[in-house]
Amino acid sequence: MLPTVSVFMGSSLDGCIARPDGGLDWLDRFNDPALGDYGYGALLGSVDALVVGRSTWDTVAAFPEWPFGERRVVVFT
């Protein structure tokens, strides 16, 4: 059986999620539980591994809490 590949991606018009200084504060307005999670929770619950870019890895690794649980994370550089 072939694996299923799903893509859940965010991007701004300039192709970057973070501000030039690395800030993600503009995403805070989407972190309101009353608005839902746009399907991210269901997707994350259905995957065994994640593939992220190096910049995303650097940002997420600095978060106070690891958001991906025990899932394998592969970093593309």
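How many nonpolar, polar and charged residues are in the lining of the largest pocket? In this predicted model, where residues are numbered from 1 along each chain as its sequence is written, local features need pLDDT of at least 70 and side-chain atom pairs count only at pLDDT 80 or more, while totals for chains, interfaces and linings use all residues. Side-chain values use heavy atoms, with hydrogens and water left out.

The lining of the largest pocket holds 25 nonpolar, twelve polar and six charged residues, where Ala, Val, Leu, Ile, Met, Phe, Trp, Tyr, Cys and Pro count as nonpolar, Asp, Glu, Lys and Arg as charged, and the others, Gly among them, as polar. The space in this largest pocket comes to about 2,000 Å³, and of its 43 lining residues, Phe8, Gly10, Ile17, Tyr40 and Phe68 are the closest to its centre. A pocket here is an open set of points on a 1 Å grid over the protein atoms alone, where a 1.4 Å probe fits, with protein on both sides within 12 Å along at least five of seven lines, and lining residues have an atom within 4 Å of a point. At least two lining residues come from each of α1 (40-46), β1 (49-53) and α2 (54-61), and β1 gives the most, with five residues; helices are DSSP runs of H or I with at least four residues, and strands are runs of E with at least two.

Tyr40, placed in helix α1, also belongs to a nonpolar surface patch with Phe8, Phe30, Leu35 and Tyr38, which together have about 510 Å² of accessible area. Such a patch is made of residues with over 30% relative accessible area and no salt bridge, its nonpolar side chains being joined within 5 Å, and the areas come from the Shrake-Rupley method with a 1.4 Å probe. Tyr40 has a relative accessible area of 32%, so it is partly exposed, a class between buried (under 20%) and exposed (over 50%).

Side chains of opposite charge can pair when their charged atoms come close. The whole structure has two salt bridges, each a side-chain nitrogen of Lys or Arg within 4 Å of a carboxyl oxygen of Asp or Glu. One joins Arg19 and Asp25 at 2.8 Å, N to O, with Arg19 partly exposed at 40% and Asp25 partly exposed at 44%. Arg54 forms a salt bridge with Asp58, their closest N and O atoms being 2.9 Å apart, and both residues lie in helix α2, four residues apart, about one turn of the helix.

Technical notes. Points joined across faces, edges and corners; volume = space filled by probe spheres on them. Patch = residues over 30% accessible without salt bridge, like charges linked within 9 Å, V, L, I, M, F, W, Y side chains within 5 Å. Buried < 20%, exposed > 50% of the residue type's maximum accessible area, 1.4 Å probe, protein only.
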